Structures are given as structure tokens and as C-alpha cells.
Amino acid sequence: MRIVSSAKLSTKHKVKLMEKYPDLTFIFCDNIDEAKQHINEAEIMLTYGGDLTADIISQARQLKWIMVLSAGMDKMPFEAIHELGILVTNARGIHKTPMAEYAIFMLLQVYRQGKEMIRKETAKEWDHSVKMREITGKTMVVAGTGAIGQEVARLAKAFQMKTYGVSRSGRSVEFFDQNFTSEELAKVLPEADFVVSVLPSTPETANFFSCEHFQMLPNHAVFLNMGRGDVVPSDVILKAVREEEIAHAVLDVFETEPLPDDHPFWEEENITVTPHMSGISPHYLTRALDIFEKNLQAYMENSNHYVNKIDVTRGY
């Protein structure tokens, strides 16, 4: 069994895998260009997901399983994968700790005037007039109630928040006081102090948030997007901020990345921009490979008990 990795792994992780599975053949590559030389002999492939194309998949005649060491699936050539009946799993859920911490950190940054405090410190100004607010007891709407959304809601409960979850199914999920379907979003927006989006990029979530949705929010609301940039058009966010339909937007994901240096988001005082880093953690790869190992065991046992099996017809 040959396992080809186009994901660059540390020596520590390579050695661990080879020692734990001495009967398997691992071919570790630093990028897809190196991996392409071995793709026709790969039964299993490790990738971060953004480097695969339909052409590459067409050459992988022995490929049975793709393990994506990330959660993002929007660049995967699913049509080609589906045609060849290739199993796909990903590392969904490993981002929940850093991303939930990011969300709470950023909401506190807005309410506790983080930008202004840093400016005052830089200018050596001793100023007690900076207005502080509390996030405790507020109402949070989380769009996307998977592992990340649940962890955001769990941390929000430490601040005694009321939590509403919004998802395609609207099914009841732990740590949310109530859950609603995507079609019911408008019901909860008027109550929201915070809206946190962790939605993936799918045909169903493209332009999920509209101008009308921002108009429904209280003008003190904070909108935070750390899911995917295409769930809301840039001009919709700009309009909402500039016309004071919301008080602040925190954005970690964008329609175009990297965000161009002439983009108006950079200049808006009430928009906080971060470079798609909410999920960064020193434990990222260890957690992703833990999921790979669990799935590798299932694969070798032919048990079909996979963690994060992807429906390739839906893309998630």
C-alpha cells in the first residue's frame, strides 16, 4: 500500500508514521509537483486540498482515498473524484479550539476597545475616557453549528450569553439555546448583539448574508466572519458599516485572498482585518494526523467507520 503526501510534513511526523506503520510505503513530498511523479502509484493521498486538479485525479488510477489535512474543501475537483469513486475525508473539527478562541478574543477586542488602547499606549497617553463595554449577557447568533460553531457557543456560555444556532437542518445542537434553519435566519437577527459565521463555501452558502440581513441587525451589532469569504459580498459589508447598520465587522476571510492592499476594508476604522489566521495553532498538524490515523485503521480494516467522511456530491 503506497501513501503519497503532497502536504509538507515535519521530520518528526514522518518518522512517527513510518515507525508506527512499517508495512506501509510512505512517499513524502514537499508539494504537488513532486507528488505528481508518484500519483499513478498512490492508493492513499495526503493533501491540504488546494493543490489537486481534475487532471491530476485522472492520472491517479490506483487512488482509493484522499485524506485532506484541512477543513476547506472548496477547491477540490469533486466531479473528477466522484467519477472515480474515490473516498474523501478531511480534518474538520481540528480548528475548533483556535477559532473559538479567536472569536471570543475579537469580540472582546471590539468591546474593550483594543485598537484604541494600543493607539493610546503607543502615544504614551494615560486616558481613562476610552469607553469599555461588556460581552457578558449578550446574544450571539452562530451561522454554522458544526464542531467550530459548537465550540464558539460553548465559550460564549462562559460569558452567560444567549446562543442561537443557524444551520441547513436547524437540528438541535449542544451549547445552543435554540436552533434554526437557514431560512429562519431573519427571525433571530433582530436580537443579535453578535453574529459569528463559520459557514463553509458551498453553492448553498454563496452570498448567504444579504443587505437585508444587515438591516435587520441592531446598529450596535458586531459581525464576525471566519468561515469563508464568499458567504457575504464585500460591498454588502462596506455598506453595512458605512451606513452604521452594524457597529463593527471582524473579517478573517475574504472573496479574494490575500486581500489587495488597495481594498477599502483596510481603511475602515470599524472593520478589523486579519489574514485568514483564525485557525492557526501549533497543534494543527498533530490533530490532523490523529484523524488520518483513525481513518487509516478503518481503511485497513475495511470497516467504513471513517471520521469526517465527505459527501463528494455535496462538497462537505
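The model is predicted, so to speak of local features pLDDT must be at least 70, side-chain atom pairs count only at pLDDT 80 or more, and totals for chains, interfaces and linings use all residues. Residues are numbered from 1 along each chain as its sequence is written, and side-chain values use heavy atoms, leaving out hydrogens and water.

**The cores**
- The largest nonpolar core has 31 residues; such a core is a set of buried Ala, Val, Leu, Ile, Met, Phe, Trp, Tyr and Cys residues joined through side-chain atoms within 4.5 Å, where buried means under 20% relative accessible area with a 1.4 Å probe, protein chains only.
- Helix 10 gives this core its largest share, 5 residues; helices are DSSP runs of H or I with at least four residues, numbered from the N terminus.
- Phe223, among the residues with the most contacts inside this core, touches Phe209, Phe214 and Ile237, among others (contact means heavy atoms within 4.5 Å).

**Lys120**
- Lys120 sits in helix 6, residues 114–122, and is buried at a relative accessible area of 16%.
- Beyond four places away in sequence, Lys120 touches Glu125, Asp127 and Val130.

**The second largest pocket**
- Helix 6 also gives the most to the lining of the second largest pocket, with 4 residues.
- Residues lining this pocket include Arg119, Arg133, His248 and Glu269.

Key:
Helices (H or I, at least four residues) and strands (E, at least two) are DSSP runs, numbered from the N terminus. Buried means under 20% relative accessible area, exposed over 50%, partly exposed in between (1.4 Å probe, protein chains only). On a 1 Å grid over the protein atoms alone, a cavity is a set of points where a 1.4 Å probe fits but cannot get out, and a pocket is an open set with protein on both sides within 12 Å along at least five of seven lines; lining residues have an atom within 4 Å of a point.
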